[in-house]
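Q: I have a new structure open and I'd like to learn how to read it. Could you walk me through it, feature by feature?

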Amino acid sequence: MDRTLYLECESGISGDMSVAMLLDLGADREVLAEALKSLPLQGYEIRISRVNRNGIDCCDFDVVLEEENHDHDMEYLYGEGEGHTHAHEHEHAHEHTHEHEHEHTHEHEHEHSHGDDHAHAHHHSHAHVHRHLAEINRIIDAGNLTDGANALAKKIFRIIAEAESRAHNLPLEKVGFHEVGAVDSIVDIVAFAVCFDNLDIRRVLVPKLCEGTGVVRCQHGILPVPVPAVTNILEGSGIPMEILPYKGEFVTPTGAAIVKAVRTGGGFPAGCTIARTGMGAGKRQTERANVLRGMLLESADEASDSVWKLESDIDDTTGEVLGYTLERLLEAGAKDAHYLPCFMKKNRPAWQLQVICDEEHRSALERIIFRETTTIGIRRIRMERSILKRQTGNARTPFGNVRIKICRSGDETYFYPEYEDVAAIAREKNVPFQEVYRAAQQEAREL
């Protein structure tokens with residue numbers, strides 16, 4: 001069954017908070033333990049417990065490194081009396097980022113959870129080897145992970161690496177994690193991917209991210225919040241951000257990368273009910289409850305949501321430009337896009353461009369239309385729509401495997417084979433398209 005996760009980031013988000021939230025939603029702890037045990041990593045242990053944040057009972061996920069000391073604390077990072085959010089992550093990260101940006105990420109992740117561990121890493125930074133993206137991918141591949149968890153973990157790491165590469169103007173392959181500090185980042189990110197895959201989540205709705213204000217200290221000096229890695233990750237993503245009236249860092253690079261990797265939409269959908277709620281704890285007591293709340297949603301067979309329709313009449317652009325624009329719109333997240341013939345002023349034959357999209361992609365798609373065509377105006381209207389509940393399956397036909405989209409409406413079930421799979425098999429086997437299509441439908445019905 002397809003599942004929708006609604007993620008409420010009113011107090012920011014980090015890697016350990018995200019894992020704790022998924023565990024509280026019911027992710028299998030034994031599956032997680034076995035997956036982490038299969039990784040070629042040492043020098044840490046996992047602690048899962050219940051904690052209280054501002055009177056709220058939460059799950060806490062902690063990666064505890066074997067080597068610890070207490071050289072640095074929140075006062076060092078923020079100044080006396082400013083013990084806020086995710087400081088140690090930054091310190092560790094920047095401590096090594098002059099050549100190895102990924103530490104910045106790890107740093108953030110760890111800051112949320114293990115300040116003293118970061119101090120240790122910071123203090124001994126130059127005595128250790130650094131792990132780069134290729135090596136981290138090899139570590140992930142060596143683990144006994146599902147294909148979905150493997151791909152998601154790599155996707156999150158690459159998002160972080162690209163952000164750090166841009167922040168420090170280094171080639172992607174030069175971005176690295178400190179050998180000790182990388183451990184908790186790998187564990188946090190792999191743990192999130194394993195739990196996410198275990199819960200079979202297909203849609204993730206995140207209306208906004210909430211971030212604090214102020215600065216954090218690193219080897220290079222004082223940096224503003226949100227830090228460069230976070231702004232690089234969110235730039236162009238369409239993910240809204242709200243700045244809170246609190247000092248400190250609430251969104252870590254790992255947290256931002258997780259949201260960018262899995263988010264499929266924004267607001268709470270109409271017609272849905274909450275099946276289960278999970279609370280993931282941050283590592284500090286703050287004025288605003290330091291928790292990440294996730295809700296698994298259920299919907300009726302026919303649900304409702306809203307989309308935007310963008311519309312523009314164009315009479316002075318070539319067919320080549322229009323075709324290219326359509327490709328760019330679909331690549332950038334349009335749910336659908338097409339042209340209709342029309343007549344404009346002075347009886348000019350023209351084309352009406354229509355684009356269907358969600359709120360998160362609307363601004364980016366409008367920019368594409370203005371940039372690629374000659375239009376000087378776009379009409380838009382929000383529209384309600386009814387959608388069938390759907391899930392994907394796999395039909396094993398005599399010709400080969402075909403993915404199936406399964407939709408339900410009341411007592412009726414509809415089976416729609418994926419065009420790409422049917423077309424590829426029809427070409428390869430030299431059989432009619434309709435024959436493969438009907439075989440896939442028949443197999444799906446029998447299953």
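This is a predicted model: local features need pLDDT of at least 70, side-chain atom pairs count only at pLDDT 80 or more; totals for chains, interfaces and linings use all residues.

A: Happy to. Residues are numbered from 1 along each chain as its sequence is written, and side-chain values use heavy atoms, with hydrogens and water left out.

Q: How many helices and strands are there in the protein chain?
A: Helices (H or I, at least four residues) and strands (E, at least two) are DSSP runs, numbered from the N terminus. Here the protein chain has 15 helices and 17 strands.

Q: What span does H12 reach from its first C-alpha to its last?
A: The expected span of a helix is 1.5 Å times one less than its number of residues. H12 (residues 319-331) has 13 residues and reaches 19 Å, close to the 18 Å expected.

Q: Which residues of H12 are buried?
A: Buried means under 20% relative accessible area, exposed over 50%, and partly exposed in between (1.4 Å probe, protein chains only). In H12, Leu322, Thr325 and Leu329 are the buried ones. Down the axis of H12, these fall within an arc of 60 degrees (taken from the directions from the helix axis to the C-beta atoms), so they line one face of the helix. On the other side of H12, you'll find Glu320 and Glu331 exposed.

Q: Why is H11 described as largely enclosed by the rest of the structure?
A: Nine of the ten residues of H11 are buried, so the rest of the structure largely encloses this helix. Among them are Pro253, Gly255, Ile258 and Val262. For the protein chain, buried residues make up 51% of the 447 residues.

Q: Is Ala153 buried or exposed?
A: Ala153 sits in helix H8 (residues 147-168) and counts as buried because its relative accessibility is 0%. Contact means heavy atoms within 4.5 Å. Not counting residues up to four places away in sequence, Ala153 touches Ile140, Ile189, Val190 and Ala193.

Q: Which residues is Ile48 in contact with, leaving aside its neighbours within four places in sequence?
A: They are Leu23, Arg29, Cys59, Asp60 and Phe61. Ile48 is in strand S2 (residues 44-53) and, at 28% relative accessibility, counts as partly exposed.

Q: What is the volume of the second largest pocket?
A: Rolling a probe the size of a water molecule over the atoms shows where empty space is left. On a 1 Å grid over the protein atoms alone, a pocket is an open set of points where a 1.4 Å probe fits, with protein on both sides within 12 Å along at least five of seven lines; lining residues have an atom within 4 Å of a point. The second largest pocket has a volume of about 310 Å³. Of the 16 residues that line this pocket, Ser237, Gly238, Ile239, Arg263 and Glu360 are the closest to its centre. H13 gives the most to the lining, with six residues.

Q: Where is the cis peptide bond that has omega of about 0 degrees?
A: That bond joins Val225 and Pro226. Pro226 lies in the loop between strand S9 (221-224) and helix H10 (228-234).

Note on methods
Grid points are joined across faces, edges and corners, and a volume is the space filled by probe spheres set on the points.
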